[in-house]
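Me: Got a model here that I'd like to go through. Can we start with the helix packing?
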Amino acid sequence: MSQLPAHPATAQLTALAHEKILILDGAMGTQIQQLGLSEDDFTGHGSGHVCRHHSDHPQKGNNDLLILTQPEALEEIHFNYAMAGADIAETNTFSATTIAQADYGLQAAVHDLNEQGARVVRRALDRATAIDGKPRFVAGAVGPTNRTASLSPDVNDPGYRAVTFDDLRIAYGQQVHGLIAGGADLILIETIFDTLNAKAAIFACIEAFAEHGQRLPIMISGTITDASGRTLSGQTPTAFWHSVSHARPFTVGLNCALGAAAMRPHMAELAGVADTFTCAYPNAGLPNAFGEYDEGPDDTARQVAEFAREGLVNVVGGCCGTTPDHIRAIADALAGFAPRQPRKFEAAA
Ligand SMILES: [Zn+2]
C-alpha cells in the first residue's frame with residue numbers, strides 16, 4: 001500500500017491537523033428523525049425520488065436509503081454541519097453494506113448508496129466553502145454492520161459465527177469502491193465493537209486503494225460500551241491500537257457509547273500510545289428512559305474542551321444525539337486550544 005501515491009487530501013489534512021484541532025460533524029439520526037418522514041418518504045413514493053432498486057421490505061428507518069430518495073434534505077443536514085464548523089463531514093452510509101442492507105432487501109442498492117452518499121456530502125461542503133473559503137473533506141463512513149466476526153450470537157453454540165472475515169471483506173470492498181467512486185477524501189471506519197470486523201474493513205480499503213491506484217487517509221474509531229473500559233470483543237484501548245496500527249491510520253480514536261465524561265480516560269490511554277493523530281466524537285451524554293439524548297450543546301462542548309486542554313485530541317465531533325448546535329459549540333470551545341502533538345516513537349533497533 002505504501003507504494004501507492006497518496007490522495008491529495010492526505011497532505012492537506014495532515015498540514016491542517018498540525019495547525020488546529022479539526023472539527024468532525026455530528027449525528028445524522030437525530031436530524032433525520034426531526035424530518036418526521038413516512039414510509040412513502042423513505043421509498044420516495046410520497047415526496048422525493050423513487051429508488052430504482054426494488055424491495056418488498058418496509059423501508060421506514062432505512063436512513064441510508066434517503067441518499068437516493070431524499071438527497072436534498074440530506075444535503076441540507078450536511079450543509080448545516082459544515083456551516084456549524086465541521087471541517088470533515090461523514091457520509092450517511094453507516095449501514096450501506098450488503099450485510100446491513102439485507103434487513104431491507106436492498107443489497108443491490110449498495111454501490112449507488114455509497115457513490116451518491118459521497119456526492120451529496122461533496123455538494124453540501126462545496127456550497128459551504130463557496131461562502132467562507134474553508135477547505136472541507138468528505139469522510140466515507142463505514143459502519144460495523146449488524147454482525148460480529150469474533151463472537152457467537154448464540155450462547156448455546158460459542159463456535160458459531162453469523163459472518164466471516166471474507167464476508168465482511170467483500171461487503172466492505174463494495175462499500176469502499178462506491179465511496180471512492182463518489183469522491184470521498186478519506187475513509188472513516190467507525191463504531192468498532194469487534195476489532196475483527198474493523199480488520200476486514202481495513203483489508204478491504206487496502207485492496208480498493210490498490211485497484212484505484214491511490215491511497216486515501218483512513219480514520220479508525222472504536223467504541224467502548226461498558227464500564228470495564230473494553231470493546232465488545234474484549235480489548236483495552238491500547239490493545240485496540242496495536243491491532244489496527246499496521247493500517248498507519250490518519251487518526252485512531254473513539255466514538256459513540258457513554259458520552260464524553262466516560263470516554264475521557266480511554267481517550268487519554270489511546271493518546272498515550274498512538275503515534276498518529278487522535279479523534280473523539282462522543283454521544284451527547286447518556287440516553288434518557290426514552291432513548292433520547294438531552295445533554296445540551298454547551299454541556300457537551302465543555303467536556304470535550306477538557307480533552308483539548310489535556311492535549312488528547314486532534315479531531316473532535318459528535319455522535320448520537322448531537323446536532324449542528326453541538327458542533328458549533330464544540331468548534332467555539334476548542335478554537336483557542338492547540339492540537340495534540342502525536343507521540344514520536346524511537347525507531348526499533
Ligand atoms: Zn453514537
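Me: How do the axes of α12 and α13 cross, and at what angle?
Reply: This is a predicted model. In it, the axes of helix α12 (residues 297–309) and helix α13 (residues 324–334) come within 8 Å, crossing at roughly 40 degrees.

Me: Right-handed or left-handed?
Reply: The crossing of α12 past α13 is right-handed.

Me: Which residues meet there?
Reply: From α12 there are P297, D298, T300, A301, R302, V304, A305 and A308. On the α13 side they meet D325, H326, A329, I330, A333 and L334. By class, that contact has nine nonpolar, two polar and three charged residues.

Me: OK, strands now. Is β6 mostly covered or mostly open?
Reply: Mostly covered: β6 spans residues 251–256, and six of its six residues are buried.

Me: And how does β5 run relative to β6, parallel or antiparallel?
Reply: Strand β5 (residues 218–222) and β6 run parallel, joined by four bridges. In that pairing, M219 is opposite T251 of β6.

Me: Zooming out, how many helices and strands in the protein?
Reply: The protein has 13 helices and eight strands.

Me: Why does the radius of gyration agree with a compact globule?
Reply: Because a compact globule of 349 residues would have a radius of gyration near 20 Å, and the protein has 19 Å. The C-alpha trace spans about 55 × 50 × 45 Å along its principal axes.

Me: What share of the residues is buried?
Reply: 54% of the 349 residues count as buried. As for contacts with a separation of 6 or more, 78% are between residues 24 or more positions apart.

Note on methods:
Residues numbered from 1 in each chain as written. Predicted model: local features only at pLDDT ≥ 70, side-chain atom pairs only at ≥ 80, totals over all residues. Helix = DSSP H or I, 4+ residues; strand = E, 2+ residues; numbered from the N terminus. Rg over C-alpha atoms; globule rule 2.2 N^0.38 Å. Buried ≥ 20, exposed ≤ 12 C-beta atoms within 10 Å, placed from the backbone. Contact = placed C-beta atoms within 7 Å. Axes fitted to C-alpha atoms, helices over the stretch in contact; angles between N-to-C directions. Left-handed = near helix turned anticlockwise from the far one by under 90°. Nonpolar A, V, L, I, M, F, W, Y, C, P; charged D, E, K, R; others polar. Pairing = 2+ DSSP bridges.
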